[in-house]
Amino acid sequence: MTRGADRTEEQGLSTLVRLCLFYAAIFLSSGVSLPYIGTYLRDRGMSGGEIGLILAVPLLLKPFTGPVLAVWADGFTLRRTPMVLLLVGAAIGYGALLGPANLWWFILAWFVGQTLLSTVSPLIDVITLRRARVDNFNYGIPRGTGSSAFIAANLAMGAILTFAAPTIIAVWIAAACLFGAVAAATLVPPERVHAEGAKPPRAERWNGLSDLLRNRTFVLAVVTAGLIQGAHAFYYSFSAILWRKQGISEPVIGVLWGVGVAAEVAFMWFLEPLRRRWGPELFLVLGAGAAVLRWTAYAFEPPLWALFLLQMLHALTFAASFLASLRLIEKLAPPSAASPAQAINSALSSGFTLGVATLASGPLFDAFGAFGYLATAFMALLGLVGAILLTRRARSLSSDRLRF
């Protein structure tokens, strides 16, 4: 056990419980911001095209902002310090959404809030992955707890909006970020950024980032994960609309989404240990293969009973590939570059690739309807090719080690 772990246990809570509580705290923000920000912006007079632009800007810029903020975060002594600052900044950005109903103001406010909040996840993942290894617990438990809090916040806001004005959406998100900042200061273990205690100069931290980008296997892993996760874009944007056209009611659509997230949480809580035995490369193959099957099937508007079964594949298309990418990036990156490595992974998989695919989803939907899913099935197929290449490289490295 580390000194940080000893200290937290002395205060009455184990490291695992503290991390679970912190993940829950930060997902209280995203559990409302992601599903309901469109509702808020529409209420403030923004058109569909303007809403799409507002939401896309931080995603498209994430390959630049993510690594920059991660390198900045590595300049602190403790990993939790920049998390506190990022969450306070996110609260200010989201709070600014309550300002004038102006497109450019909303773009700036959403960019600040979403960029800073989304940077917290790869930073806490670095701590959780290491502590899971040292303290021998399943990383999926705190991450799954966060997903459960996402569902709870989503349902709570849905109920609140039956009697409150959409203004409550921005108020909730900003307040939840401030709550997250307090949680970061009090719950996150006091992990040092650099075990030896000395902070490397900024130029050295940038050199570490440059070394990562010259590592072909690392780049292949990041691109592969980005393709698999980005293939969810059409589903996120238009699944509800397409299901309504099939005659599926709103309550049942909510249940379908709930089945997908529940499958994700169940995988993280109970099946993630299989990844330790099978390796992250194989899990990427499973996630990509399931994505090809899932999005191809959705293109042909399957009946409701089949949709429930296909929604359970979210455990593989999202959860398995997400966890595998975290472990693979952790394996490929040196400890000194752990934060930038996870930030690059997050920037591509939940940032740029998802942003580009989201922008493309609108024209695909207008032109082809449900057949737009075939484009994301092709993205997943490219991810499957990348995952197979990564598996072969891992086997080749293992064989080389055995020879010696």
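There are 5 salt bridges in this structure, which is a predicted model. Start with a group of them: select Arg130, Arg131, Asp135 and Glu191, which are joined in a salt-bridge network.

**Stop 1: Arg130 and Glu191**

Zoom in on Arg130 and Glu191. They form a salt bridge, and their closest N and O atoms sit 2.9 Å apart. Now color the helices and see where each partner belongs. Arg130 is in helix H5, while Glu191 is in the loop between helix H7 (167-187) and helix H8 (202-214), so this pair ties together parts 61 residues apart in sequence.

Are these two partners buried or exposed, or something in between? Arg130 counts as partly exposed because its relative accessibility is 28%. Glu191 has a relative accessible area of 9%, so it is buried; the cut-off for buried is under 20%.

**Stop 2: Arg131 and its two partners**

Move on to Arg131. With a relative accessible area of 0%, this residue is buried. Show its contact with Glu191: here is another salt bridge, with 2.9 Å between the closest N and O atoms. This pair, too, links distant parts of the chain, with Arg131 in helix H5 and Glu191 in the loop between H7 and H8, 60 residues apart.

How far along helix H5 are Arg131 and Asp135 from each other? They are 4 residues apart, so about one helical turn separates them.

**Stop 3: Asn136**

Next, select Asn136, in the loop between helix H5 (103-135) and helix H6 (140-160). Check its backbone angles: Asn136 has a positive phi of about 60 degrees, though it isn't a glycine. Why point that out? Because most residues other than glycine have a negative phi. Asn136 counts as exposed because its relative accessibility is 63%.

**Stop 4: helix H12**

Jump ahead to helix H12 (280-298). H12 has 19 residues and runs 27 Å from its first C-alpha to its last, close to the 27 Å expected at 1.5 Å a residue. The buried residues in H12 include Phe283, Leu284, Trp295 and Tyr298. Also among them are Glu281 and Arg294.

**Stop 5**

Keep going into the loop between H12 and H13, and pick Glu301. Glu301 is another spot to check the backbone: its phi is positive, about 45 degrees, although it is not a glycine. At 40% relative accessibility, Glu301 counts as partly exposed.

In the loop between helix H12 (280-298) and helix H13 (304-311), select Phe300 too. Is Phe300 buried or exposed? Its relative accessibility is 55%, so Phe300 counts as exposed.

Terms used
Residues numbered from 1 in each chain as written. Predicted model: local features only at pLDDT ≥ 70, side-chain atom pairs only at ≥ 80, totals over all residues. Heavy atoms only, no water. Helix = DSSP H or I, 4+ residues; strand = E, 2+ residues; numbered from the N terminus. Buried < 20%, exposed > 50% of the residue type's maximum accessible area, 1.4 Å probe, protein only. Expected span 1.5 Å × (residues − 1). Salt bridge = Lys/Arg side-chain N within 4 Å of Asp/Glu carboxyl O.
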